[in-house]
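Q: Could you walk me through reading salt bridges in a model like this one?

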Amino acid sequence: MNFYVIQVLTGLEENFIKTFSLLSVNTDAAENPELFFPKRKLVIRKGGQLSEKLYPLFPGYIFLRYGEMDNALLGMLKSIAGFCRVLPDNRKPENLEGKDLELIQHFMSFGSVADISAARFDENDRIQVVSGPLKGLEGCIIKVDRRKKRAKVKLDFYENSFLIDLGFEIIQ
């Protein structure tokens, strides 16, 4: 199975997936394409109250697991409201390989939601991730905010670098 990256208008990811699932039910393809829209859980403090909220891990991007991208599938994707392109471009969609594929599979291994990681700090005040989505990404952490319980992670994906916040809780 190959993984493809679909860029959609930010905020329309859920609607895109619903519409796609309705359209794909009516096709008689040998294999069913699967869409993934990974999210992350963060603890938010508002008015002194703590609550957990879900945010997109990669806003504006949906991941498609399918065999080979064909014109029929590409045409169906293009017909859905909010579609922008299949990376790197619609004329020649390419499946993920190498480090990009490893990164997506890392987050998908935690299911549809990247939960809060468990971490502790060593005697030199460096973070040590015990479990969760941050495990294995320690070298990518560029900032830790203990009060907000978040780690800012720099991810390199599709020749771009971007920052995301992932939550952690401190264990002893």
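**Salt bridges, pair by pair**

A: Start with Asp-125 and Arg-146, whose side chains meet in a salt bridge at 2.3 Å, N to O. The term means a side-chain nitrogen of Lys or Arg within 4 Å of a carboxyl oxygen of Asp or Glu. This pair links distant parts of the chain, 21 residues apart: Asp-125 sits in the loop between strand S8 (117-121) and strand S9 (127-131), and Arg-146 in the loop between strand S10 (141-145) and strand S11 (150-157). Strands are DSSP runs of E, at least two residues, and helices are runs of H or I, at least four, numbered from the N terminus.

Q: What should I know about the model itself?

A: It's a predicted model: local features need pLDDT of at least 70, side-chain atom pairs count only at pLDDT 80 or more, and totals for chains, interfaces and linings use all residues. Residues are numbered from 1 along each chain as its sequence is written, and side-chain values use heavy atoms, leaving out hydrogens and water.

Q: Is Asp-122 buried or exposed?

A: Buried means under 20% relative accessible area, exposed over 50%, and partly exposed in between (1.4 Å probe, protein chains only). Asp-122 has 15%, so it counts as buried. Its salt-bridge partner is Arg-126, which is exposed at 51%.

Q: How many salt bridges are there in the whole structure?

A: A search finds nine.
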